[in-house]
Amino acid sequence: MYSLEYAKTLLSEADLAQRSRPCLLIIRENIGLPGEENSPRQIIYLNQPMFVIGRDPTCTLHLADRYVSRFHGILTVAEDQPGESYELRDGDGHDKPSANGVFVRGQRLKGSHFLQDGDPIRFGTRVYANFHEIRIPTPVDHQRHQILKTLLVEMGLVSPEQMEQACSLQQRTGMLLGEAVIAQGWVRLETIEFLLQDQNKPDLPMGVKHPIGEYMRAAGLVTETQIVEALRLQKRQKIYFGRALVEQGFIREQTLEFFLSRFGDMQDSTSKTLLG
């Protein structure tokens, strides 16, 4: 979820009071794809009864990605649900599914799904999104963000001094701690969302080992181009892939150690024979 104060920084011109349950769909920026143009982040205020999602220019929510179908999915308000729920369906709404699927929490949609706060979504193979409610944070919400005080410092992404500044901003504004860190420009939105998902790796199905580069990408710490460059260095110097990321300056040593110690289902993590 997003606090009202933080949502106002994202949607300065939106009237958040016009809906009983204001919600956002955040389409992540896609940068560093080899040979392709970057696509910017999209912040979609869900203030319409239906959004048609796809590559076709006539879609309400246009996704300019070649692995997205012309009419890839449908998002509608489910009026018969408690509050104001949103139902996500794969395909064009006329029984024609998308070619590469819609995934929620790493599982491909079969039929429809009523979105829940924080749901990670993937359209096709590489367009990532998150669904968020906007409301006043509860004590439980603030408590959930407290893990960031240690995790972000442990990862080497913020200094202890910067964390103190973020805590001060959070207390003054009523934002959540992660939002305060993002507002300062120290950490990307994708990194905060990754860390807050109970280690459920939104785009990496549980029970399967994945290369370290996939975890770094899911956390918004490296781009596809950087992964390719690190793979080339790994091959030339015959070093671990994680070491190649560090030597290229893409991540810090602390960040690498964090991933090695935290994720038990990372490919070959125990032996550190990290393949890209």
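Glutamate 29 and arginine 188 form a salt bridge between their side chains, 2.7 Å from N to O. The two sit far apart in the chain, 159 residues from each other: glutamate 29 in the loop between strand E1 (23-27) and strand E2 (42-45), arginine 188 in the loop between helix H5 (177-183) and helix H6 (189-195). Helices (H or I, at least four residues) and strands (E, at least two) are DSSP runs, numbered from the N terminus.

This is a predicted model, in which local features need pLDDT of at least 70 and side-chain atom pairs pLDDT 80 or more, while totals for chains, interfaces and linings use all residues. Residues are numbered from 1 along each chain as its sequence is written, and side-chain values use heavy atoms, without hydrogens and water.

A salt bridge here is a side-chain nitrogen of Lys or Arg within 4 Å of a carboxyl oxygen of Asp or Glu; the count is 14. Three of them are tabulated.

| Pair | N to O distance |
|---|---|
| Glutamate 29 – arginine 188 | 2.7 Å |
| Arginine 105 – aspartate 119 | 2.9 Å |
| Glutamate 190 – arginine 188 | 3.4 Å |

Buried means under 20% relative accessible area, exposed over 50%, and partly exposed in between (1.4 Å probe, protein chains only). Arginine 188 is partly exposed at 30%, as is glutamate 29 at 24%, whereas glutamate 190 is buried at 3%. Aspartate 119 is buried at 1%, and arginine 105 is partly exposed at 34%.

A network of salt bridges links Arg21, Glu133, Arg135 and Asp141.
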